[in-house]
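Subject: Structure handover and notes

Dear colleague,

Please find below the structure that I am handing over to you, followed by my notes on what was found in it.

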Amino acid sequence: KDAHVVCLCCRKTGHTLANCPSNPNKASRRKKKLCFNCGEPGHSIHNCPKEKGENGLKFAVCFICKEQGHISAQCPKNDRGIYPKGGCCKICGDKRHLAKDC
């Protein structure tokens, strides 16, 4: 285990999202890949043949609030955004995107 690795699910150090015991998506992913857009098994949202919904994440489960329909980076209860160790976009200070996407 790497003490410097921060899990995106539980925000604890020493393990990654793939090995997190708190990951609500882990059990279903082990059985089959589930598309967050259409909910069908066998492909990811990036390969979904159907038109994307409002945010394309209707079937995703958030690691922060455990609600369905968004991921932790978009969660209103997530005060760290996409930066689990803290930080922000170096251009505008937003926590929901990287500087390269500003």
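I begin with a charged pair: the side chains of K50 and E40 meet in a salt bridge, with 2.6 Å from N to O, where a salt bridge is a side-chain nitrogen of Lys or Arg within 4 Å of a carboxyl oxygen of Asp or Glu. Both K50 and E40 lie in the segment after α1, so the pair ties together parts that are 10 residues apart in sequence. K50 counts as partly exposed at 42% relative accessibility, and E40 is also partly exposed, with a relative accessible area of 34%; here buried means under 20% relative accessible area, exposed over 50%, and partly exposed in between, with a 1.4 Å probe and protein chains only.

Before going further, please note that this is a predicted model, in which local features need pLDDT of at least 70 and side-chain atom pairs count only at pLDDT 80 or more, while totals for chains, interfaces and linings use all residues. Residues are numbered from 1 along each chain as its sequence is written, and side-chain values use heavy atoms, with hydrogens and water left out.

By the rule given above, the count of salt bridges comes to three. One of them joins K77 to E67, the closest N and O atoms being 3.9 Å apart, and since K77 and E67 both lie in the segment after α1, this pair ties together parts that are 10 residues apart in sequence. K77 counts as exposed at 57% relative accessibility, whereas E67 is partly exposed at 41%. Another joins the side chains of K100 and D101, at 3.7 Å from N to O, and K100 is exposed, with a relative accessible area of 69%.

As for the overall picture, the secondary structure of the protein chain comes to one helix and zero strands, helices (H or I, at least four residues) and strands (E, at least two) being DSSP runs numbered from the N terminus. Of the 102 residues of the protein chain, 32% count as buried. The chain exposes about 6,800 Å², of which carbon and sulfur atoms supply 52%; accessible areas come from the Shrake-Rupley method with a 1.4 Å probe, and for residues only the protein chains shown count as cover. Among contacts with a separation of 6 or more, residues 24 or more positions apart account for 16%, contact meaning heavy atoms within 4.5 Å.

The UniProt annotation, from an unreviewed entry, reads "domain: CCHC-type" and covers residues 35-50 and 62-77; its positions are given in the numbering used here, feature names are shortened, and annotations may be inferred rather than shown by experiment. Residues 35-50 are 0% helix and 0% strand, with the end C-alpha atoms 10 Å apart, and for residues 62-77 the chain is likewise 0% helix and 0% strand, with 10 Å between the end C-alpha atoms.

The largest nonpolar core is made up of seven residues, C35, F36, C38, I45, C48, L57 and A60, a nonpolar core being a set of buried Ala, Val, Leu, Ile, Met, Phe, Trp, Tyr and Cys residues joined through side-chain atoms within 4.5 Å. Leaving aside neighbours within four places in sequence, I45 is in contact with C35, F36, N37, K52, G56 and L57. H43 lies in the segment after α1 (26-31) and is buried, with a relative accessible area of 12%; not counting residues up to four places away in sequence, H43 touches K33, L34, C35, C38, C48 and P49.

In the segment before α1 one finds H15, which counts as buried at 15% relative accessibility and, with neighbours within four places left aside, is in contact with V5, V6, C7, C10, C20 and P21. N23 also lies in the segment before α1 and is buried, at 9% relative accessible area. With the neighbours of N23 within four places in sequence left aside, N23 is in contact with C9, L17 and F63.

C20 is in no disulfide, and the nearest cysteine sulfur, that of C7, is 3.6 Å away; C20 counts as buried at 0% relative accessibility. C62 is likewise in no disulfide, the nearest cysteine sulfur being that of C75 at 3.7 Å, and C62 counts as buried at 0% relative accessibility.

With best regards

Definitions and conventions
Disulfide = S-S within 2.5 Å.
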